[in-house]
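Please read this briefing alongside the sequence and the model shown below.

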Amino acid sequence: VDVRLDLFAEIDRLKKEKNAIILAHYYQEPDIQDVADYIGDSLGLSQQAAKTDADIIVFAGVHFMAETAKILSPQKKVLLPDLKAGCSLADSAPPELFARFKAQYPDHLVISYINCSAGIKALSDIICTSSNAEKIIEAVPKDQPIIFAPDRNLGSYLVKKTGRDMVLWNGACMVHEIFSLEKITKLKVRHPHAKIIAHPECEAPVLAIADFIGSTTGLLKFTQRDDAKEYIVVTETGILHQMQKENPNKTFIPAPPNNACACNDCPHMKLNTLEKLYLCMEYEQPEITMDEQLRIAAKRPIDRMLEISA
Ligand code: 13P
Ligand code: SF4
């Protein structure tokens with residue numbers, strides 16, 4: 001990249017010239033959030049991808065998100081600034097192993113969290129996100145047994161919330177698993193009026209001390225309507241950018257991870273940079289492509305989710 005380029009202006013120019021829309025997840029770096037046309041959680045991003053009339057969707061997020069956009073809008077060019085931006089949770093469920101697991105429960109309906117590959121989506125009956133999971137589970141008849149994949153933490157949380165005894169796949173997110181209950185508790189002692197807000201991908205002991213649990217959009221909205229002055233935020237740090245922008249007079253403290261060398265940035269999300277975003281718009285690659293049969297099979301459970309959450 002020519003260091004003299006004004007990347008913000010160039011990205012803006014490319015957006016107009018190419019009729020491109022930038023969809024960004026809250027875990028992206030602040031500069032990327034600031035150039036995005038839409039910032040949201042996984043549900044909001046997939047709804048935007050389904051309805052946009054842009055010719056190019058530039059997905060500032062991770063691979064499964066861009067892949068979902070391509071599944072929903074196959075006629076559009078979908079770009080991902082770094083094709084290596086994966087997801088530990090999606091990687092924890094390889095489709096071949098999951099197919100064998102599913103075969104052990106022939107009477108079960110499969111609800112999968114959107115953080116999974118197209119291969120897993122094609123083996124699922126309904127997709128959900130952290131913001132609509134309860135609603136989706138409640139839409140399924142009470143006597144219908146369910147497999148929930150791939151996140152065991154979100155799954156256990158939903159079992160408690162809905163009272164449904166679901167069979168869980170044993171996957172987890174590397175970012176949400178590393179928060180330290182002990183360090184969060186010590187932080188709370190030093191900030192007794194701070195509210196603890198957590199993403200449901202966190203482990204059960206952390207969720208047990210949270211004042212509020214929700215998706216990234218859910219957490220952000222909570223900070224806007226709640227009257228506390230301080231929050232301990234137990235999720236990826238990218239969300240703090242919008243929280244701080246929306247609530248300039250409140251303090252947001254990122255929850256500490258369990259070891260000094262760890263950090264609570266998602267290494268996959270943070271592979272995308274403003275420079276890579278510019279380059280991918282300029283050269284229209286890396287582009288998401290997928291097999292048409294797989295796309296059709298993966299679309300069915302996403303459509304069911306979008307219908308239920310409409
Ligand atoms: P949401 O933004 O849907 O809450 O998902 C969080 C996440 O981990 C995305 O990778
Ligand atoms: Fe995947 Fe976790 Fe990163 Fe989200 S934060 S993309 S679930 S590894």
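With 23 C-beta neighbours inside 10 Å, cysteine 266 counts as buried, a label given when 20 or more other C-beta atoms lie within 10 Å of a residue's own, whereas 12 or fewer make it exposed and values in between partly exposed, with C-beta atoms placed from the backbone. The model is predicted, and local features need pLDDT of at least 70, side-chain atom pairs count only at pLDDT 80 or more, and totals for chains, interfaces and linings use all residues. Residues are numbered from 1 along each chain as its sequence is written, while chains are lettered from A and ligands numbered from 1 in the order in which they are written.

- Cysteine 266 lies in the loop between strand E12 (251–254) and helix H14 (274–283), where helices (H or I, at least four residues) and strands (E, at least two) are DSSP runs numbered from the N terminus.
- Not counting residues up to four places away in sequence, cysteine 266 touches Tyr27, Val175 and Glu236; two residues are in contact if their C-beta atoms, placed from the backbone, lie within 7 Å.
- An unreviewed UniProt entry places the feature "binding site" at Cys87, Cys173 and Cys266. These three span 180 residues in sequence, yet no two of their C-alpha atoms are more than 9.4 Å apart, so they gather at one spot.
- UniProt positions are given in the numbering used here, feature names are shortened, and annotations may be inferred rather than shown by experiment.
- Cysteine 173, in the loop between strand E8 (167–168) and helix H10 (181–190), is buried, with 24 C-beta neighbours inside 10 Å. Its contacts, leaving aside neighbours within four places in sequence, are Ser88, Leu89, Asp151 and Glu201.
- Around ligand 2 there are 13 residues, of which Cys87, Leu89, Cys173, Val175 and Cys266 come nearest; a residue is near a molecule or strand if its C-beta atom, placed from the backbone, lies within 6 Å of it.
- The shell around ligand 2 divides into nine nonpolar, three polar and one charged residue, where Ala, Val, Leu, Ile, Met, Phe, Trp, Tyr, Cys and Pro count as nonpolar, Asp, Glu, Lys and Arg as charged, and the others, Gly among them, as polar.

**Domains**

- The domain assignment of the chain gives domain 1 (7–85 + 269–292), domain 2 (89–173 + 297–308) and domain 3 (181–254), with bounds that come from an automatic or database domain assignment.
- Domain 1 and domain 2 both give residues to the shell around ligand 2, so this ligand lies between them.
- The C-alpha centres of domain 2 and domain 3 lie 26 Å apart, and the contact takes nine residues from domain 2 and ten residues from domain 3.

- The residues around ligand 1 are Asp41, Ser42, Asn115, Thr129, Ser130, Cys173, His199, Glu201, Ser215 and Thr216, and they divide into one nonpolar, seven polar and two charged.
- Domain 2 and domain 3 each supply at least three residues to the shell around ligand 1.
- UniProt (unreviewed entry) also places the feature "binding site" at ten positions that include Tyr113, His199, Glu201 and Thr216.
- Threonine 216 lies in helix H12 (residues 216–225) and is buried, with 26 other C-beta atoms within 10 Å; Tyr26, Asp41, His199, Thr235 and Ile239 are its contacts, not counting residues up to four places away in sequence.
- Tyrosine 113 lies in strand E5 (residues 109–113) and counts as buried, with 29 C-beta neighbours inside 10 Å.

**Nonpolar core**

- The largest nonpolar core has 89 residues, and those with the most contacts inside it include Val58, Cys128 and Ala149; such a core is a set of buried Ala, Val, Leu, Ile, Met, Phe, Trp, Tyr and Cys residues joined through C-beta atoms within 7 Å.

**Backbone features**

- A cis peptide bond joins alanine 149 and proline 150, with omega about -15°, and proline 150 lies in the loop between strand E7 (146–149) and helix H9 (152–162).
- The peptide bond from glutamine 285 to proline 286 is also cis, with omega near 5°.
- Asparagine 19, although not a glycine, has a positive phi of about 50°, and it is exposed, with 11 other C-beta atoms within 10 Å.
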